[in-house]
Amino acid sequence: MSAMNPETTMAVIPKKRARIGLLVDIRKNKLLYVMLLPVLLFYVIFHYAPMYGAVIAFKDFSPRLGIGDSPWIGFEHFKTFFTGAYFWRTIKNTLLISFYELLFGFPAPIVLALLLNEVRHTLFKRTVQTVTYLPHFISLVVICGIVKDFTASDGVINDILVYLGGERLSLLLEPDMFRTIYVSSGIWQHIGWGTIIFLAALTGIDPEQYEAARMDGAGRWKQMLHVTIPGLMPTIVILLILSIGRLMNVGFEKIILLYNPSTYETADVISSYVYRVGLQDFNYSFSSAVGLFNSVINFMLVIFSNWLSRKLNNTSLW
């Protein structure tokens with residue numbers, strides 16, 4: 001019998017050690033792994049198991065025949081989507097809305113967290129935090145109802161516009177206004193909740209760095225530029241990678257609650273198109289193909305943004 005290759009042996013040993021280390025850790029922390037089990041089951045049952053159903057994107061799915069017996073048609077649904085009339089419209093709207101959210105929505109909680117960090121009046125700081133947190137806990141349906149009332153022709157925003165010399169308009173019927181309303185209402189709803197992560201990250205900055213900066217003559221502005229923001233950068237980079245990974249994933253719920261046929265031109269995104277085709281027109285295979293295409297693009301964006309971040313500043317998810 002030939003002797004085992006030394007290189008193969010060196011590769012096997014670390015794997016065995018890692019496996020033994022995991023078993024030892026499970027024995028030591030049984031309760032923690034038991035607590036983790038429901039989370040794992042949730043993702044396995046509701047996220048990984050349904051991935052089998054994605055195969056209908058390559059089939060002419062019929063509920064009567066089921067997934068297994070439906071005829072295989074390959075990439076026909078993808079070709080139909082790529083050559084269809086709504087391909088470029090949905091891609092453009094999805095990218096633009098996501099880009100505006102990234103450009104304006106992503107920095108908003110960072111700015112608010114930096115401002116709150118500079119506030120020394122505890123009561124005022126807590127009041128601002130509470131007021132900005134509250135919209136996050138309101139149902140999206142209620143939020144969209146508020147937005148519709150505010151942007152109606154007799155709403156408060158039109159009252160302000162008329163006071164400033166403008167004309168009354170039903171803003172949600174104007175295609176050019178939809179993206180602005182969508183992004184700004186999202187910032188209002190989530191800015192307070194988003195600051196929680198950054199405020200928590202601020203507590204991890206070593207106070208001695210601020211003392212050293214003050215001894216060097218740095219004011220509060222210089223301290224924020226050279227101590228606070230660099231201390232937040234790892235958190236900012238990780239969240240930015242995750243946000244880029246969701247660049248093509250504009251949720252259909254809010255879109256459907258706010259848009260109407262007159263704003264399809266600027267409001268119809270991939271997820272709302274999938275909803276209409278899949279659930280309203282009952283074309284399950286085609287909508288699955290479009291959704292699968294969207295998920296693959298998101299996955300590629302996460303990989304690329306993680307690689308780029310690791311190359312530029314040595315901070316990444318993995």
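The model is predicted, so local features need pLDDT of at least 70 and side-chain atom pairs count only at pLDDT 80 or more, while totals for chains, interfaces and linings use all residues. Residues are numbered from 1 along each chain as its sequence is written, and side-chain values use heavy atoms, with hydrogens and water left out.

**Helices α15 and α16**

- Helix α15 (residues 270-280) and helix α16 (residues 284-313) have axes that come within 8 Å and cross at roughly 165 degrees. Helices here are DSSP runs of H or I with at least four residues, numbered from the N terminus; axes are lines fitted to C-alpha atoms over the stretch in contact, with angles from 0 to 180 degrees between N-to-C directions.
- The two helices are therefore roughly antiparallel, a label for angles over 145 degrees.
- The crossing of α15 past α16 is left-handed, meaning that the near helix is turned anticlockwise from the far one by less than a right angle.
- On the α15 side, the contact (heavy atoms within 4.5 Å) is made by Ile 270, Tyr 273, Val 274, Val 277 and Gly 278, and on the α16 side by Tyr 284, Phe 286, Ser 287, Val 290, Gly 291 and Asn 294.

**Helix α10 and its partners**

- Helix α7 (residues 122-133) packs on helix α10 (residues 175-202) at about 130 degrees, with the axes 7 Å apart.
- That angle makes α7 oblique to α10; oblique covers whatever is left once under 35 (roughly parallel), 65 to 115 (roughly perpendicular) and over 145 degrees are taken out.
- From α7, Gln 129, Thr 132 and Tyr 133 meet Gly 192, Trp 193, Thr 195, Ile 196 and Leu 199 of α10.
- Helix α8 (residues 140-151) also packs with α10, at an angle of about 125 degrees and with axes 11 Å apart, so this pair is oblique too.
- In the α8 contact, Leu 140, Ile 143, Val 147 and Thr 151 face Ile 181, Ser 185, Trp 188 and Gln 189 of α10.

**Ser 243 in α12**

- Ser 243 lies in helix α12 (residues 220-245).
- Its relative accessibility is 15%, so Ser 243 counts as buried (under 20% relative accessible area, with a 1.4 Å probe and protein chains only).
- Leaving aside residues up to four places away in sequence, Ser 243 touches Leu 102 and Phe 106.

**The ends of α11**

- At the start of helix α11 (residues 207-215), a side-chain oxygen of Asp 206 comes within 3.1 Å of the backbone nitrogen of Glu 208.
- After α11 comes Gly 217, with a positive phi near 90 degrees.

Methods:
Buried < 20%, exposed > 50% of the residue type's maximum accessible area, 1.4 Å probe, protein only. Polar contact = N/O pair within 3.5 Å; in protein donor to acceptor, adjacent residues only side chain to side chain.
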